[in-house]
Amino acid sequence: MRTSVAIIGAGPAGLLLARLLQQRGIESVVLESRSRDHVEHRQRAGILEQGTVDVLRACGAGERMDREGLVHDGIELRFGGAAHRIDLAALTGGRRVVVYAQTEVVRDLVALRLDSGAPLLFDAEVLAVHDAETERPRVRYRHGGAEHELTADHVVGADGFHGAARRSIPADRIRTYERSYPFAWLGVLADVPPSTDELVYACHDRGFALHSMRGPQVSRLYLQVPPDADLADWPDERIWDELDVRFAADGWRLRRGPITDRSITPMRSFVAEPMRHGRLLLAGDAAHIVPPTGAKGLNLAVADVVLLDRALAAAVQHGDPRPLESYSDTALRRVWRAEHFSYSMTTLLHADPAADEFGRRLQRAQLDQLVDSAAAATSLAENYAGLPL
Ligand code: FAD
Ligand code: DHB
């Protein structure tokens, strides 16, 4: 098989890129290792920045998001038993976020792709990318019990952290930067109306907790747990009791309901440089991971794709390779900004098991500054609501 752009991975990055290229009349084939059902039900992120919302709308994938997404003007920081609101819209000249689950974004983009008849293969696992430094890179994949080859002008690795694209780059051509954290997130989905209108980020001596949502009837809640925590040790009752303790504030009550999904996600920061090897380009989690505090992962993947779409169009339609050549440098500026923000939010809000009393006082001073200083709150709001694309 032959195409112009081979896209590995049908996560938000791969699917959105396929859509944007299709709108320009550029052919692509999307190869996804898992089933459609799997990718449409994998619980992950839930917050879309203004820029992400604008891109989805502009490419015709915003109809259900505009109907069902919840527009949020602010978030709450809760610490010392008190609530403190960060007014995102007021502090950023009107930038807002939309609560709309990654599963729904993926569902909308899959439906658009399949309806258009353009190729998107599920259960097609990419094994390796070959000849990336030539003009005819090849993607080797397994589908329907046999091995196949896809030849393309360009290959985009949008296959997440564990994918095959980054692994196909020779070790001496790529450098990685990494940080792990002494905690993980236990995330649950519960069939109960949210107990709050806006997201609550709670910092408590026993650990971080986050109250998010998936619509008027479904709550999404997260608890900081040790990195080696086992779901078997967390029966529903224990989860709710712990959430109650960490969210405790005067006059506030957490509604409980049946838990329908639960998982533990380790937290790490990771960047691979450069994000290009010849004609193989990396996008999204394939190139970088942020800890989830601050909800940057999905939005960063979208920012990569917006750059790639323009750069591929310049190369394929106008014979201008320069935007592709500078893709990595341009993308990495935003990547490192988001890495710093996610790291800061994570260390600001989590209880570090190794922290001493001095460290805890510094953390509290930093939280207090967000309440006392408009400059500090504005910086958080600008990063949270997202930089323009
Ligand atoms: P992905 O969504 O990972 O998509 C990659 C796709 O490639 C997948 O469909 C995968 O099946 C496919 N693939 C992998 N290997 C191959 C192969 N060899 N061949 C073909 N296809 C392949 N972010 C937040 O902001 N908030 C959160 O709460 C949050 N929770 C998360 C929970 C988990 C468990 C994970 C893993 C991530 C979470 N993130 C969260 C991060 C966010 O979901 C990601 O940043 C986002 O999914 C990135 O999109 P992507 O398209 O780059 O990668
Ligand atoms: C969600 C995830 C995040 O990481 C975050 O900071 C806010 C919300 C969510 O899944 O809803």
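Modeller: Before we start, the domain bounds used here come from an automatic or database domain assignment. The model is a predicted one, in which local features need pLDDT of at least 70 and side-chain atom pairs count only at pLDDT 80 or more, while totals for chains, interfaces and linings use all residues. Residues are numbered from 1 along each chain as its sequence is written, and chains are lettered from A and ligands numbered from 1 in the order in which they are written.

Colleague: OK, how far apart are the C-alpha centres of domain 1 and domain 2?

Modeller: Those centres are separated by 29 Å, with domain 1 covering 2-72 + 98-178 + 268-346 and domain 2 covering 180-267 + 352-385.

Colleague: And how many residues of each are in contact?

Modeller: Counting two residues as in contact if their C-beta atoms, placed from the backbone, lie within 7 Å, 15 residues of domain 1 meet 20 residues of domain 2.

Colleague: Switching to helices, at what angle do α1 and α6 pack?

Modeller: Taking helices as DSSP runs (H or I, at least four residues) numbered from the N terminus, α1 (residues 12-24) and α6 (residues 102-116) pack at about 40°, with axes 10 Å apart. The axes are lines fitted to C-alpha atoms over the stretch in contact, and angles run from 0 to 180 degrees between N-to-C directions.

Colleague: Which residues of α1 make that contact?

Modeller: On the α1 side they are Pro12, Leu15, Leu16, Ala18, Arg19 and Gln22, and the α6 side includes Val105, Leu109 and Arg113.

Colleague: Last one, which residue of β7 is the bridge partner of leucine 48?

Modeller: That partner is valine 98, and β7 (residues 97-99), with strands being DSSP runs of E of at least two residues, runs antiparallel to β3 and is joined to β3 by three bridges, where pairing requires that DSSP finds at least two bridges.
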